[in-house]
Amino acid sequence: MEYTTAKFLHLIGIFFWVASSSSLGLFMLYSTWRQTGCDQHMLRNFYRWMTNLEILGFVLALIMGFYMLHLMNYRFDINWLNYKLPLVLGVLLPLEVLNFWFVNVHIPKAKEKAKAYRRYDLFNYIIALPLIFISLIVVYLAVVKPLSFR
């Protein structure tokens with residue numbers, strides 16, 4: 001596979017990740033804060049599917065990112081990449097793993113669903129702004145590719 005094809009698939013993964021997490025994620029935050037009239041059980045079940053689509057997009061972006069790095073012979077002399085990778089692997093990846101765990105393990109196995117949902121909602125409230133901010137920094141680094149950060 002060529003670098004440009006890998007880059008295309010990397011971007012598709014990012015689009016899936018961002019679209020799935022932001023659109024319904026923002027609505028879920030809103031609907032837990034204010035009554036929307038939506039059936040919470042149906043909404044949360046759909047949110048589970050969207051979260052898994054989000055994680056699938058994240059994994060695709062991650063795999064293609066590492067494949068592009070492989071095609072570049074693992075060159076780590078690129079400043080913007082040296083800032084981007086720790087943010088992706090040290091912040092975004094652990095948050096996505098926690099998100100997956102909440103949605104696919106903790107909530108389905110919880111005896112008290114309402115309590116499990118409240119924990120998950122708290123998790124979302126805590127990570128929402130940092131996640132958006134760090135994601136924007138990662139996108140900025142990938143698009144602008146600054147030569148140096150001093």
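**Exercise 1. Contacts and sequence separation**

Determine what share of the contacts between residues at least 6 apart in sequence joins residues at least 24 apart.

*Solution.* The model is predicted. Begin with the contacts in the protein chain between residues at least 6 apart in sequence. Of these, 70% join residues at least 24 apart.

**Exercise 2. Burial, surface and extent**

State what percentage of the residues is buried, and describe the accessible surface.

*Solution.* First, take buried to mean under 20% relative accessible area. Buried residues then make up 35% of the 150 residues in the protein chain. Second, the accessible surface of the chain comes to about 9600 Å²; carbon and sulfur atoms account for 72% of that area. Third, the C-alpha atoms fill a box of roughly 50 × 35 × 25 Å along the principal axes.

**Exercise 3. Charges**

Find how far apart the mean positions of the positive and negative charges are.

*Solution.* The protein chain carries 14 positive and 7 negative charges.

**Exercise 4. The largest pocket**

Identify which helices line the largest pocket, and which of them supplies the largest share.

*Solution.* The largest pocket holds about 980 Å³ of space. It is lined by 45 residues, of which Ile14, Trp17, Val18, Leu92 and Ser135 are the closest to its centre. At least two lining residues come from each of helix 1 (3–33), helix 2 (40–71), helix 3 (79–109) and helix 4 (113–144). Helix 1 supplies the largest share, with 12 residues.

Technical notes
Residues numbered from 1 in each chain as written. Predicted model: local features only at pLDDT ≥ 70, side-chain atom pairs only at ≥ 80, totals over all residues. Heavy atoms only, no water. Buried < 20%, exposed > 50% of the residue type's maximum accessible area, 1.4 Å probe, protein only. Contact = heavy atoms within 4.5 Å. Areas by Shrake-Rupley, 256 points an atom, 1.4 Å probe, with all protein chains shown as cover. Lys, Arg positive; Asp, Glu negative; His and termini not counted. Charge placed at Lys NZ, Arg CZ, Asp CG, Glu CD. 1 Å grid on protein atoms, 1.4 Å probe; cavity = no way out; pocket = protein on both sides within 12 Å on 5 of 7 lines; lining within 4 Å. Points joined across faces, edges and corners; volume = space filled by probe spheres on them. Helix = DSSP H or I, 4+ residues; strand = E, 2+ residues; numbered from the N terminus.
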